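Dear colleague,

Please find the structure below. My notes on its salt bridges follow it.

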Amino acid sequence: MRTSLAVVLVALSVVGAVLFLAADFGHRINDLPVVAEGPSPRPDMSGSALERDSLVGQAAHAEGPERWRFRYRLYSVHSDEIVNFVAFARLKRGLAEGRPDPGIYQYGGAYLYPMAAWLVGLDRLGLVEIGGLTELVDDPQRMDRLYLAGRTLVLLAALSGGLFVYLGFSALGRPWLGGVVALLQVLTPMALLAETTMKPHWYATLWAGLAFFALARLWAGTARPWPWLGAAALGTGLAVGATLPLGAMAVVLWGFLVALAVRRAVPWVALLAVPVGALLVFAATNPFLFLNHAARTAEQGAALGFYDRLGGPAEVLAFFWNSLVPGLGLGLLVALGLATVVALARPERARLLLLAAVWGPLLAMGVLTGALVEWTQHARYLPFIVPLIGLLLAAVLGRRALPVAGAVLVLTLVQSVPQMVARFDEDSPRHGTRLAAAAWIDTQVPAEPGICAPSHLAPFQAPPFDFARLAVNRPDCACRVRVAGSTVRPHDDPWPLAAEFAPRLRLPGLPPLYDHVNPRITVHCRPDFRPAAGS
């Protein structure tokens, strides 16, 4: 085990170093004159948590260059990362009033509180400067350093979760397989996207990994039950307390607990004690769920409004192709299909239980996200599915699981390369799609009648063209700019395509998973469009 542990630690360290370098993306926008120069409105904290456009209290301000400059300075290229800082600002105000309430409830307290403590700690060490919103908007590089610091915590947590996966497999006697599965856990395309984003899904894999390791030690039969049952309860409560979608993992782990009780590896009372302990941890890390029930209910209702219908067989199949193929990778899904066929051909109770543990969350997510099957990001709601697939491979393929997993890792690395290239390209004047599109618009589109773009200009919605010079969103605009999101919806426009800026490395035939990093951008212009004079 010592040799495999050393190899895994080195491999995870290398992955972490590369991803840390890749996490510093999207900051070049702040160097452009249209963003760096000129006034921006003073921020305040009014507005409802339900309205993204008022998240930083700007709902009362009219759209215009100052408002747009404010967003480009303060927001990142990911539309959700600013939510963290709005929550922290409101949390600071709430703590002054004796209420630890962030006023935004889409992220759990088991993620928000540690993230806030991390940033405060780095501020005390002089590694970042927090400051107020006014100070940050006046010095956007400070804001960029805060984004990088937050992404770094998510990355460290995800890598630690991978280490727990390795330790779990080692406890089960499969250390080398555990090493490969741990690398798969942090190297799928979806993992690369999520590990360098200030969102809780892959942060929570740290605690999911702890619960997995604890149950693996109990399964091996070499540990006293109650300390490890406590660790399982702690890990489960913190994982679900960070992001509710990991509730599916909690159900699967409870199923493993039932199997442990049947084997008499743990007492039957553990089936009640562990969930109760996990619920207590969840409640302790999410006190605001009880402090502001009305606001929480309203926000959750608005979020659930996106998922207004369940999916049928067609939607589940679309979920597999649109989200799992680009998110988990073809190699892993082919291996899952192989293991499933073998398990059904040679059914055993353990194999069938593991099939249920893997396919249950996959099918449930396909049904629950049926209203949004065109999105390609739903694999983020299954951040701990890879270790479960690894267990299934081990149970079904035996010794052959290791070479199969190794081949899957190679295929996954190939499919993940475009994600890594996109991160390093984001701030490249030559290969960065946002910067290249902005330069084209600035030189080709005449100031009058200008260009049409999303009404609320922000880094994730429009390239940073010179909105101080160009007329924006006039009815007679000459061109329209579109930024592709995490969807397979065709990027069509009735106007002719005048320019396209696409990531330089794409895998043909697969749904895209670039999302906020170096996305595809198109400019469509009227049939009678003429470039600006002097271009």
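With which residue does Arg504 form a salt bridge? The partner is Asp425, and the closest N and O atoms of the pair are 2.6 Å apart. A salt bridge here is a side-chain nitrogen of Lys or Arg within 4 Å of a carboxyl oxygen of Asp or Glu. Arg504 lies in the loop between strand S3 (497–501) and strand S4 (521–525), whereas Asp425 belongs to helix H21 (residues 401–425), so the pair ties together parts that are 79 residues apart in sequence. Helices (H or I, at least four residues) and strands (E, at least two) are DSSP runs, numbered from the N terminus.

This is a predicted model, in which local features need pLDDT of at least 70 and side-chain atom pairs count only at pLDDT 80 or more, while totals for chains, interfaces and linings use all residues. Residues are numbered from 1 along each chain as its sequence is written, and side-chain values use heavy atoms, with hydrogens and water left out.

Buried means under 20% relative accessible area, exposed over 50%, and partly exposed in between (1.4 Å probe, protein chains only).

Salt bridges that share partners also join Glu97, Arg99 and Asp101 into one network. Arg99 is bonded in this way to Glu97 at 3.0 Å and to Asp101 at 3.4 Å, N to O. Glu97 is exposed (52%), Arg99 partly exposed (35%) and Asp101 buried (5%).

In total, the structure holds twelve salt bridges.

Yours sincerely
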